[in-house]
Amino acid sequence: MKTVKSFAKMKQNKEKIVMMTAYDYPSAVLCEEAVIDMILVGDSLGMVVLGYDTTIPVTVEDMIHHTKAVRRGAARTFIVTDMPYMSYHGSLDRTLENARRIMQESGASAVKLEGGSSVADTVFRLTKAGVPVCGHLGLTPQSVGVEGGYKVHGKLKGEAEELLADAIALQEAGAFAIVLECVPRQLAQIASETLSIPVIGIGAGAEADGQVLVFHDTVGYGNHHVPKFVKTYGNASAVISEALKSYRDEVKNGQFPGIEQSFTMNEEEIPSLYG
Ligand code: KIV
Ligand code: NA
């Protein structure tokens with residue numbers, strides 16, 4: 001299995017890191033088969049698999065439940081699990097307990113949490129406790145209520161400088177990588193060049209050390225909003241929808257099940273059954 005060292009080496013060797021989200025057993029199996037470098041069990045599962053409008057309602061319990069399934073499907077892949085809304089902002093004890101549960105009960109390899117300097121001490125304590133931590137800067141969906149919506153972050157110099165300072169603070173606190181979401185590509189490039197740890201972009205241009213996308217957006221599955229920075233590589237919804245409609249039609253017109261899908265008993269057994 002890859003480790004935090006593998007990702008550092010990939011950055012040194014300029015080999016792009018490919019991260020993909022997964023939320024259940026079959027998506028994890030497919031990610032591992034596709035040789036995805038790192039799986040993210042993102043709290044985006046709130047939207048794409050649970051049907052919430054935001055990531056706010058997602059709980060530690062939800063993250064553990066889904067990570068367990070992902071681990072069963074991808075036994076040999078490095079798995080990062082999001083710490084959900086408000087699960088790392090209370091007392092240090094509570095933060096450590098939530099991280100412990102995610103690591104021990106679900107089989108995650110690392111956790112990810114949103115924020116910069118304000119969570120640097122938390123990142124330091126978790127790392128010192130033996131929990132690998134991935135940072136997340138730029139658009140941070142858990143703060144959407146405070147921000148008042150989703151937007152590109154770091155377009156202006158002041159905002160960009162603040163983001164770089166946050167990135168450095170996370171690196172110094174011990175983060176092994178940082179996800180940069182929805183920032184101008186020039187800023188992601190500078191961050192990648194400035195930091196020694198890998199920068200994994202989403203909506204952050206091609207210069208980042210790696211890329212991450214949401215599984216459902218990538219394969220075209222679901223009816224949630226898909227942001228501009230997504231590229232959709234398949235149309236899973238159409239494939240599934242076609243299958244469901246064919247099933248419905250075949251049941252209605254008696255085509256399914258056919259003789260191939262049915263079990264048979266010997267003819268001589270039958271007459272007595274009619275009484
Ligand atoms: O929850 C998620 O899927 C994420 C990625 C978009 C980075 O945090
Ligand atoms: Na997330």
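Leaving aside neighbours within four places in sequence, which residues is Asp-43 in contact with? Thr-55, Val-58, Met-63, Asp-82 and Pro-84. Contact means that two C-beta atoms, placed from the backbone, lie within 7 Å.

This is a predicted model: local features need pLDDT of at least 70, side-chain atom pairs count only at pLDDT 80 or more, and totals for chains, interfaces and linings use all residues. Residues are numbered from 1 along each chain as its sequence is written, with chains lettered from A and ligands numbered from 1 in the order in which they are written.

**View 1. The annotated binding site.** UniProt, in an unreviewed entry, lists Asp-43, Ser-44, Asp-82 and Lys-112 under "binding site". These residues span 70 residues in sequence, yet no two of their C-alpha atoms are more than 12.4 Å apart, so they gather at one spot. UniProt positions follow the numbering used here, feature names are shortened, and annotations may be inferred rather than shown by experiment.

View 2. Asp-43 sits in the loop between strand S2 (38–41) and helix H3 (45–48). Helices (H or I, at least four residues) and strands (E, at least two) are DSSP runs, numbered from the N terminus. Asp-43 counts as buried because it has 29 C-beta neighbours inside 10 Å; the cut-off for buried is 20 or more other C-beta atoms within 10 Å, with C-beta atoms placed from the backbone. Asp-82 belongs to strand S3 (residues 78–82). It is buried too, with 31 such neighbours inside 10 Å. Beyond four places in sequence, contacts of Asp-82 include Asp-43, Met-63 and Lys-112.

**View 3. Glu-181, the annotated active site.** The "active site" feature, from an unreviewed UniProt entry, falls on Glu-181. Strand S6 (residues 177–181) holds Glu-181. Glu-181 is buried, with 23 other C-beta atoms within 10 Å. Not counting residues up to four places away in sequence, Glu-181 touches His-136, Gly-138, Leu-139, Ile-202, Gly-203 and Ala-204.

**View 4. The shell around ligand 1.** Among the residues around ligand 1 are Asp-43, Ser-44, Asp-82 and Glu-181. A residue counts here if its C-beta atom, placed from the backbone, lies within 6 Å of the ligand. The shell divides into 5 nonpolar, 3 polar and 3 charged residues. Nonpolar covers Ala, Val, Leu, Ile, Met, Phe, Trp, Tyr, Cys and Pro; charged covers Asp, Glu, Lys and Arg; the others, Gly among them, are polar.

**View 5. The barrel.** 8 strands close into a barrel in the order S1-S2-S3-S4-S5-S6-S7-S8, with parallel pairing. Strands pair if DSSP finds at least two bridges between them. S3 and strand S4 (residues 110–112) pair over 3 bridges.

Terms used. Buried ≥ 20, exposed ≤ 12 C-beta atoms within 10 Å, placed from the backbone.
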